[in-house]
Structures are given as C-alpha cells and as structure tokens.
Amino acid sequence: MNNNELETLIRSIVREKLEPARRENATAALFDDVERAITAAHTAFLAYQQCPLKTRNAVIAAIRHELVPHLQVLAERGAQETGMGRVEDKLLKNRVALEKTPGVEDLVTEAITGDEGMVLFEYSPFGVIGSVAPSTNPTETIINNCISMLAAGNTIFFSPHPGAKNVSLWLIEQIEAIVFTACGIHNLVTCLREPSFESTQHMMKHPLIALLAITGGPGIVNMALKSGKKTIGAGAGNPPSLVDETAVLDKAAQDIVSGASFDYNLPCTAEKSLIVVESVADALLAEMQKCGALIVSGDGNIDKLRNVAIIDGHANKALVGKSPLALLQAAGLPAPDKAPRLLLVEVGADDLLVSVEQLMPILPVVRVPDFDSGLRLALKVEGGLHHTATMHSQNVSRLNKAARLLQTSIFVKNGPSYAGIGVGAEGFATFTIATPTGEGTTSARTFARHRRCVLSNAFSIR
C-alpha cells in the first residue's frame with residue numbers, strides 16, 4: 001500500500017469513527033490539576049512508545065484532514081478572544097501550520113559503515129513535553145507543535161496563554177478526539193481546564209516532564225531556562241529590514257508592506273523597522289504608499305503615535321495586534337477614507353519606535369547614507385537576538401555579507417518576512433523559533449533525541 005492509499009484509508013476510518021469518539025471523549029484532554037494531567041500524558045507516552053511509525057503517520061494524517069473544517073472558526077475565535085490580529089491572516093497561518101509542518105518524514109535515519117562495523121543515527125522521543133503557547137499565535141503554535149511533537153513520538157502537556165484560553169482549550173479537545181480515533185490512545189495531548197502562571201511553574205518542575213518548549217516572551221523563557229530541564233525557547237526578536245540602492249523598489253515595497261502588516265505585525269518574524277539607503281528612500285516610500293501604507297508625518301503627530309504605542313519603554317499591551325485605524329484613533333490622529341494597511345513614520349536611528357519591539361502595524365523608517373552604515377544599524381537594531389532579518393538588494397555580495405554578520409535564525413532575501421516561516425515560500429512551517437537556545441526554526445527532529453547505535457565488526461557489505 002502506497003502513502004496515498006494509506007492516507008485515503010485513514011481518512012475513511014476517521015470519518016466513520018470520529019464523531020462518536022468526540023462525544024465519548026469530549027473532555028478527555030482537560031484536567032483539574034497538573035499532577036493528573038502530566039501523569040495521564042506520561043501513561044499515554046508509554047503506550048505510544050510501543051506503537052510502530054505507521055501509527056504516528058496515521059495520527060498526523062488524521063490531524064491534517066480533520067482540522068481543515070475548523071480553520072476558519074479557529075481564526076475567528078482567536079481574533080475575537082485575544083482582540084489581536086486579522087482573521088484572514090490567522091486563517092492563512094493556521095492553514096500553513098496544518099499543511100506545511102513536517103511529520104515523521106522529518107526524522108531522517110543516517111548510517112555510517114566501514115571495516116569496523118556500522119553506526120546508526122536515529123531520532124527517538126523525549127517523553128512528555130511541556131509546551132507553552134502564546135496569545136499572539138495560539139492556535140497556530142498548538143497545531144504546529146502538536147504535529148512536530150507527536151510525529152517525534154512524544155506526548156504533550158500544553159500550557160496555553162490565559163488570554164487565549166478558550167480557543168486553545170477547544171482546539172486541544174478537538175485534537176485529542178482526532179488522535180484517539182486514529183490510534184486508540186487517550187491523553188496524547190493534555191491541558192488544564194484553567195491554565196495559569198502558577199500551573200505553568202508547577203509543570204516546569206514536574207519530574208515527568210522531559211523537555212520544555214516555550215513559545216512566549218523573554219520572562220517565561222528565562223523561567224524555563226532556570227528549571228534545570230532541557231529547554232527549547234523562543235525568544236524576543238526585533239527584525240530590521242534593510243533596503244539598498246540596487247533593490248527592485250516596487251517589489252521591495254510590496255513585500256515589506258505585506259510582511260509588516262501581516263496579522264497586524266503580531267508574528268515575531270515581521271519587519272519591525274525599515275532601514276533604507278537615502279538615494280532610494282523617497283522612491284521606496286512612494287511605492288509603499290501605492291501598496292496601502294500611510295505616512296504619518298510631523299513631529300507632533302509622530303510623538304502622539306509613539307506615546308500611545310510605547311509606555312515606560314515597553315510596547316503598550318492594550319494596542320498590540322490592533323489595526324492601523326485603531327492606532328490612529330488611540331493617538332487622536334485623523335483617519336483616511338480608506339483604511340491603511342500599515343503606518344510609516346520617519347524617525348532617527350535612536351528612536352524608541354526603532355529599538356522597542358511593538359507588535360503593531362507601525363513601521364519606523366530610518367534613512368542611511370549607504371549600505372555599510374545601514375548594515376551597522378541593522379546589527380544594532382537586531383541586538384544579537386539571532387531571530388529574523390530581511391534585506392532587499394540585487395547585490396549578492398552584500399546579501400551574503402549581511403546574512404553572515406547578522407547571524408539570524410531566519411534571513412529573508414528579497415521577500416516578505418513571512419516567507420521565513422513557510423508562508424507563500426519554500427520551507428516548512430514553524431511557529432516556535434528557538435533563538436536563545438539555538439535550535440532556530442523547529443520541526444519534529446528538534447523534539448527528538450539524536451541517538452547513536454553501534455554494531456561492531458558487522459553490516460559493512462562494501
């Protein structure tokens with residue numbers, strides 16, 4: 001039976017069994033206390049560990065197929081509950097997470113043979129993973145991590161952000177029912193009915209948690225790093241976008257506006273500042289206005305926008321992920337007849353709008369005299385976070401120099417920032433980008449042990 005025939009068979013079985021299983025298993029994933037939830041996930045792991053790889057394939061195929069009808073609802077509920085982002089963009093992110101997250105095929109086996117025998121390198125599971133999901137990308141992260149972690153053979157205790165609790169719990173329940181139908185094992189994914197900061201702390205210290213995967217702010221990542229457990233942590237990012245005088249300006253403008261406005265700039269990969277060589281700055285800004293960007297000019301107006309976007313040196317949480325119109329209204333600025341996709345403000349290199357990651361569709365623009373000064377500023381703005389940067393140029397040597405010096409986990413050349421997470425571009429989907437701990441863009445193999453098995457003086461047939 002080939003892979004297509006296997007997937008067709010899985011889908012027919014799931015269609016027949018899923019609705020009764022959902023009714024039977026309506027709250028199987030949710031628990032009242034951390035101890036019971038993690039113990040249940042560990043018991044499930046012991047059973048799942050004994051299953052063949054075709055069981056994991058069946059689980060992933062079922063998730064991919066059965067979540068499709070729920071993607072629109074997830075996008076709508078996510079935007080409504082969190083009050084952040086655009087439904088259309090959330091739908092796209094959920095779809096990409098579902099379709100482009102690698103499964104078991106990511107766990108590539110390698111072998112070395114020679115006169116003294118054979119060495120086999122394979123990926124095997126850790127056990128129960130404690131996974132923290134953010135409010136900015138709640139359902140996308142859960143879908144992405146579920147596929148990666150279950151494909152690697154693990155089970156999961158999820159700790160969703162309280163600000164996205166309802167939609168996260170609903171999704172986890174759906175996944176539990178789908179997975180149970182596909183493999184007959186309960187509690188491969190678990191969660192608390194009332195997730196909290198205290199329960200997350202408890203989870204991080206629990207002896208049955210083998211690995212922590214933290215997608216959130218620096219505070220929660222640092223707390224995990226102090227737990228003593230192996231941690232895969234997604235840290236802060238402040239991605240600059242650098243444009244030199246050789247760039248194709250109309251395409252650069254479209255890419256930057258699209259990337260910086262995507263889901264109202266919520267993705268940590270999105271362009272957070274624009275650094276442009278002076279000789280093409282006016283032309284680039286004119287092209288960006290054609291693409292739906294609005295320039296907010298005048299020191300007084302920029303001050304008003306900055307004062308509502310940044311409070312006490314930090315992004316104003318009340319405005320994170322809000323629309324450009326909402327930002328203009330909050331700043332007391334007039335709104336145009338047609339809603340803009342992005343707000344542009346020309347500022348100096350040391351402006352707070354440049355140095356503070358806002359997660360809002362406000363793009364500070366800084367003019368520089370030449371490429372080298374622009375790259376120096378980009379390095380300063382990125383701050384050694386090793387997260388994301390983008391660059392628009394037709395000069396290959398400059399592109400290579402920037403990539404080498406910035407050392408970001410994602411570097412997008414001549415494209416929108418979201419190309420770096422698999423949206424509209426080659427490459428797999430990822431929503432946990434581990435920068436402080438160094439794994440970068442994560443997939444199934446990230447959540448597995450790389451094990452070495454040696455057979456002495458045998459199995460070399462050359």
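Contact, in these notes, means heavy atoms within 4.5 Å. I am working with a predicted model, where local features need pLDDT of at least 70, side-chain atom pairs count only at pLDDT 80 or more, and totals for chains, interfaces and linings use all residues. Residues are numbered from 1 along each chain as its sequence is written, and side-chain values use heavy atoms, with hydrogens and water left out.

**Entry 1: Ser 417**

I looked up Ser 417 and found it in the loop between strand 17 (410-413) and strand 18 (433-434). Helices (H or I, at least four residues) and strands (E, at least two) are DSSP runs, numbered from the N terminus. Is Ser 417 buried or exposed? Ser 417 is buried, with a relative accessible area of 1%; buried means under 20%, exposed over 50%, and partly exposed in between (1.4 Å probe, protein chains only). Leaving aside neighbours within four places in sequence, I noted that Ser 417 is in contact with Gly 259, Thr 269, Ala 270, Glu 271, Thr 390 and Val 412.

**Entry 2: Ala 389**

Next I turned to Ala 389, which sits in strand 16 (residues 388-392). Its relative accessible area is 0%, so Ala 389 is buried. Apart from neighbours within four places in sequence, Ala 389 has contacts that include Pro 239, Pro 240, Leu 406 and Phe 411. I also checked Gly 228, 161 residues from Ala 389 along the chain, and the two C-alpha atoms are separated by 31 Å.

**Entry 3: helix 4**

Helix 4 (residues 71-82) has 12 residues and reaches 16 Å from its first C-alpha to its last. That is close to the expected 16 Å, which is 1.5 Å times one less than the number of residues. Which residues of helix 4 are buried? I listed Leu 71, Leu 74, Ala 75, Gly 78, Ala 79 and Thr 82.

**Entry 4: the cores**

A nonpolar core is a set of buried Ala, Val, Leu, Ile, Met, Phe, Trp, Tyr and Cys residues joined through side-chain atoms within 4.5 Å. The largest has 62 residues, and Ile 63, Ile 143, Leu 150 and Ile 175 have the most contacts inside it. Helix 7 gives this core its largest share, eight residues. I also noted a second, separate core of 39 residues, which includes Val 277, Leu 333, Leu 353 and Phe 411.
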